Amino acid sequence: MSGKNVFEGPRWQRDLVRFLPLKSQFVLSGNIRDLQAAEVAPGTVTAQSFNQTLCNTLLDQGYAQVLGWDPLAGFRALERPGTDPASGIALLQSLGLTPVDGAAPAGIDLLSATLQRLVVRPGEPVAVIIDFASRLAVRSDALSAAEHQLFTQALVLSHQARSRPGGVQRKPFFNTVLWVVEKEGDLPDWLLVGNPRIRHIPVVKPDQLTRRALAPALLKGLAGAPDASAEATAQAVDAFVQSTEGLLLLDLSAIAQLARVEGVAVDQIGDAVRRYKVGVTEDPWLRIDRQRIRMGDAFVHQRVKGQHHAVTHMLDIVKRAMTGVGASRKGNRPRGVAFLAGPTGVGKTELAKTVTSLLFGDESAYIRFDMSEFSAEHADQRLIGAPPGYVGYDVGGELTNAIREKPFSVVLFDEIEKAHPRILDKFLQILDDGVLTSGRGDRVYFSEALIVFTSNLGIYRQGEHGERVANVLPGEPFEQVQSKVHDEIDRHFKLVLNRPEILNRIGENIIVFDFIREEVAVQIFDQMVDATLADLQAQHLRVTLAAPARHALRALCLKDLSNGGRGIRNQLEAHLLNPLARALFDQDAQPGQQFTIVAVDANVLNLERG
C-alpha cells in the first residue's frame, strides 16, 4: 500500500467497535466463512480468518480474554499467535470447564450453563464467540426443550448483563456474547426482534477497496513479481482487482496459489482468474485457427445462403471476441453478444450453429434455449434452478448447469421476445456482469461464452385496431427492411417491455437478416435437392432429376418465399420427398438400381427406372 492510503478495516468491524460499549450481545451473519483483510503492521495488509480477526478486534479494544465455542470442539481460548495459552486454560477452569489439550468439550446444555457463569463473571471484561450457531437449532421456529432453554437463557442474560471498565481507555464493556451465523433467521426471532441489547451486524463480501488493499500481498509471490516495475505491478493489481469483482477473499487467495503452482506470471494474472472461474486450464479461444476465421466467410456461406451483411457483422463480432478489441477482458462480460433479427426461415439459427462449428470445430459447443418454453412467470427457475426448499432445488438450472459443464460455448436464446419479462432481467445480469447465481447459490460465469439472441421482432407490428399486420414485405429493399425492423425492436424494448437497458447492453450488435430473395432462393433450392440425391446415392440408389422436372420443381418450391428457406424445405417435402419415397416404395427399389425423375406436377412425380 502507498503511504497516502490509510487502511480501514471492514465495515462490520468498525460497526462492532462502535457498539461494544452499548450492547451485550451481537449476531454476525453473512460472509462469515471468508477471510478478512487485516493490517498486521503499518502498511502491511494480509488475510486472516474471520474468527481471528474478530478475536484480535476484541483484544485490541481492551477485552482481557476471548473464548471460542463450536459444536465439535466445545470451548477453547482464542489468542493472538504466539501467546501463552496458560491464561486461557485458567479462564476455562474458572468457568467450571475441564480443558483437555486446550479444549473443553461442551454440548448445548453445558453451553447454556457456561454462558450464565461467563456473563455474570466479575473482573476484566471477556467475550465468547459462538461459532456455527446456525447449527444450534434444527428449526428456529420449532425448538426442542434444550434449544429453547439455551436461547431463553441468552435472552434473559442480554438484559441482565452489566458493563465494567476495560482496556487502557477504561471503556464500559460487557462480558460479550457473539453469535456467528449464516443467516440472521437461523436464530429465533423472539431473541433478536425488538431486543435493544442485541445488535445484528451483517458481514458483506469484500469490496474493491478491500481487494485492492490485499492484492499486493497476494501477488508478490508470483513469477516475475520481484523484478516487475512499479507501473507493471500497478497494472497487475488493477487487473486482479477488476477481474475478481464479486469473489471472496478466499477465492483471491486460491487464485494467487493457483498462479504460483501453475507458474502464471504476474502480468498474466487475468489468465489465472479465468482458470479459477471456469475450471479449465486450456483456453479454446486461444487455440482457434486464425486462418480458419479468415476464411470464415466462405465456410459460413456454404450453409447460410445470402445474408452477406449479417455474416460479415457476425464474423466481426467473432474477431472482436478473439482479439479483445473494444471490450475489457478484466471483467466477466461474455466474449461477444449478437442479436439476430429478421423474417422466419432466413438462417438466423443456422448462422449460430455454423459459427459454433467455425470456432470450435464441433457443434456440441452450441447450447440452444427455445424461449417460447420460458413464457411463464416462474420459468426463470428452469434456467437458474429453484431456490432452497422448492421442488427441483437439487437439480439446478438448465442454463447454469449447461454453462458450468461447457463454459466455452455459443449460447443461443431463440425467439427472445417470447420469454417472460422476469427472464429478461436474468439476461441483463449476463450482459452486464457475465455471471448468474444459481438457485443453489453457485456463481456461474459467462466470460468465455458467445451469447446469441434471435428474434422475429419487427417483421409484424400491431395495427390501429390491435390486429397483427406485416411491418415489412418481401418486395421491399433491404435498407428499408433493416430500418423498419430496427425501429420496431427499439419500440418493443422501450415502450412495451420497458427494458431499454437491454438494448443498451447489446449496442450496435443487432443484426437484421434480409428476406430470401429469388437468386438466393435458387441457391438454397439447388443445395437441398443435391443433398437429397446425394443421400440416396449413399444408399446405393442413383436418382437423377431431369432438367424439365428440376425446372418445374423449382417453380413450385419458389412460388412463395414468405417463409424463407424453411418454406422452400416444406415445399420440397410436398413435391419431391414424399412423392419420391412413395414411388420408390411402389417400385420396390433395390440398391444398385437407377431411376430418373422425368416430370414433377404438384405432388405427383413421374419416376422411370434405368
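Which residue just after H9 takes a positive phi? I looked this up in a model that is predicted. The residue is Gly-263, and its phi is about 70 degrees.

**Entry: helix H9**

I then turned to helix H9 itself, which covers residues 249-262. H9 has 14 residues and spans 20 Å from its first C-alpha to its last, close to the 20 Å expected at 1.5 Å a residue. I listed the buried residues of H9 as Leu-249, Asp-251, Leu-252, Ile-255, Ala-256 and Ala-259. Seen down the axis of H9, these buried residues fall within an arc of 160 degrees, so they line one face of the helix. I noted that their cover includes strand S2 (36-41), helix H7 (208-219), helix H8 (230-243) and helix H10 (269-278).

**Entry: helix H5**

H5 has 16 residues and reaches 22 Å between its first and last C-alpha, close to the 22 Å expected at 1.5 Å a residue. Its buried residues are Glu-147, Leu-150, Phe-151, Gln-153, Ala-154, Leu-157 and Ser-158. Viewed down the axis of H5, they fall within an arc of 150 degrees, so they line one face of the helix. I found them packed against S1, helix H4 (108-119), S10, helix H6 (189-192) and S11.

**Entry: the sheet**

I traced an open sheet of 7 strands in the order S6-S5-S4-S7-S10-S1-S11, with mixed pairing. Strand S6 (103-104) and strand S11 (198-203) stand at the edges with a single partner strand each, so one side of each has no neighbour in the sheet. Within the sheet, I recorded that strand S4 (residues 65-70) and strand S7 (residues 126-130) pair in the parallel sense over 5 bridges. Val-66 has Ala-127 in S7 as its bridge partner. Helix H2 (residues 50-61) packs on the sheet and touches S1, S4, strand S5 (74-78), S7, S10 and S11. The direction of H2 makes about 165 degrees with that of S7. Helix H1 (residues 11-19) lies across strand S1 (25-30), strand S10 (176-181) and S11, and runs at about 165 degrees to S11.

Gln-307 sits in the loop between helix H13 (296-301) and helix H14 (308-323). Is Gln-307 buried or exposed? Gln-307 is buried, with a relative accessible area of 9%.

I also looked up Asp-588, a residue other than glycine with a positive phi near 50 degrees. Asp-588 lies in the loop between helix H23 (564-586) and strand S22 (594-601). Asp-588 is exposed, with a relative accessible area of 52%.

How values were computed:
Residues are numbered from 1 along each chain as its sequence is written. This is a predicted model: local features need pLDDT of at least 70, side-chain atom pairs count only at pLDDT 80 or more; totals for chains, interfaces and linings use all residues. Side-chain values use heavy atoms; hydrogens and water are left out. Two strands pair if DSSP finds at least two bridges between them. Helices (H or I, at least four residues) and strands (E, at least two) are DSSP runs, numbered from the N terminus. Contact means heavy atoms within 4.5 Å. Axes are lines fitted to C-alpha atoms, for helices over the stretch in contact, and angles run from 0 to 180 degrees between N-to-C directions. The expected span of a helix is 1.5 Å times one less than its number of residues. Buried means under 20% relative accessible area, exposed over 50%, partly exposed in between (1.4 Å probe, protein chains only). The arc is that of the directions from the helix axis to the C-beta atoms.
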